Amino acid sequence: MLNLHGNHAQLQRNRCSTSPVSLCKLNGIRNDNLRIPVAANLRIPGSTPYYGANGIQDYVDGFTHDGEFVLVAEDGANDLKNYPVKCVKGRIWVNNHAHVLQGKQDSTDNRFLAYAISQADIESILVGGSRAKLNAETLMEVLLFLPSKEEQSQIGDYMVHLDNLITLHQREDVYCFILSYSNRLLLLSHNAITWEQRKLGELYDRISEKNDLTYTKEQIISVANMYFKPDSYITDTEYLRTYNVFHLGDIAFEGNKSKNFAHGRFVENTIGSGIVSHVFDVFRPKTDFDLLYWKYAINNERLMGSILIRCTKASTMMTNLVATDFLNESILVPSVPEQRRIGAFLLQLDNLITLHQRKPFFLIRRL
């Protein structure tokens, strides 16, 4: 069971019991029949938010729905990979470009349901051409892994805390980082301290430290998987001099493009000193930092993707990093004490998910 309470976000496993997880269809009620589209020139100004596919478009007089609902874009979504899904509460007016759902009261928390849908691969079930559409019938056939209602509610409470935190600090990029890591639940203390805009060149130095044969082939590190991977194909020890030294906390750029990393990615060394191939650019931290926080942050596509777009050059199969451009980029950085809290919490959550054998936590399928 998830135990979420206190001034600091905590996630602990109740050793006496575990919360069951069920695989079931999207457990909700459709309220699409109440939607009413209104042309902009015909809307009467008021205080009710007028929702379309991508959120609030206007404020009008009157309402179409009153209560707590989950809005899911039907067509016209501006981001198919991070599909527009939002839990709203109160009186709202919804046009015909967003589906309106409610979780069944006895088994589903609306806030959790919105998060679960947002983490599903909605793009794969869209139909149509340039204006992709999510059919209502297809949406209702989605299968999700759902924990107990109690656990959903506890997680939902923390989603609200996160929303308040991000609204306060206007840190949408950090919110994306927290919510996107491995499509898992990433929660963080709501007692933020200080976040600063820092150049990456203030945080890291590019390193060209070559192996003087202190390290053997037994200490070659796989950047992709972060473990020691002895290379039995190296028969000439002198060749190991071409390898770069890679210490704990160093980061290496891997230029392989993939579905999850469109422009390559950075990986932090979390296992200890070793060596990596000369094809990897290595950077070393130059300030105090938390190892666990940067393990998650530096490897996150939503946090780093826009940076890598600007400081990489594409080739046929991979991207090449322009180190000077990378070091001139800026990123929001929390204080070291806050880094430690976030890093420890993410690790704890990883361990909890592994313990509960919830991989993947959310699943989307068609029957």
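Analyst: Helices (H or I, at least four residues) and strands (E, at least two) are DSSP runs, numbered from the N terminus. By that numbering, Phe246 belongs to strand 15, which covers residues 244-246. The model is a predicted one, in which local features need pLDDT of at least 70 and side-chain atom pairs count only at pLDDT 80 or more, while totals for chains, interfaces and linings use all residues. Residues are numbered from 1 along each chain as its sequence is written, and side-chain values use heavy atoms, with hydrogens and water left out.

Phe246 counts as buried because its relative accessibility is 0%, where buried means under 20% relative accessible area, exposed over 50% and partly exposed in between (1.4 Å probe, protein chains only). If residues up to four places away in sequence are not counted, Phe246 touches, among others, Ile221, Met226, Ile251, Val267, Ile275, Val276 and Val282, a contact being heavy atoms within 4.5 Å. Arg284 is 38 residues away from Phe246 along the chain, and their C-alpha atoms are separated by 8.6 Å.

Strand 9 (residues 98-103) is another part to look at, with 5 of its 6 residues buried, so it is largely enclosed by the rest of the structure. Two strands pair if DSSP finds at least two bridges between them. Strand 4 (residues 28-30) pairs with strand 9 in the antiparallel sense over 3 bridges, and there Arg30 stands opposite Leu101. Strand 7 (residues 65-73) also runs antiparallel to strand 9, joined to it by 4 bridges, with Ala98 in strand 9 as the bridge partner of Ala73.

Strand 5 (residues 45-52) and strand 6 (residues 55-60) run antiparallel and are joined by 6 bridges, and a hairpin of 2 residues links them. Gly52 has Gly55 in strand 6 as its bridge partner. Strand 5 also pairs with strand 8 (residues 85-94), in the parallel sense and over 2 bridges, where Tyr51 has Val94 as its bridge partner.

Among the helices, helix 1 (residues 110-119) has 8 of its 10 residues buried, so it too is largely enclosed by the rest of the structure; the buried residues include Phe112, Leu113, Tyr115 and Ile117. In helix 7 (residues 301-311), Leu303, Met304, Ile307 and Leu308 are among the buried residues.
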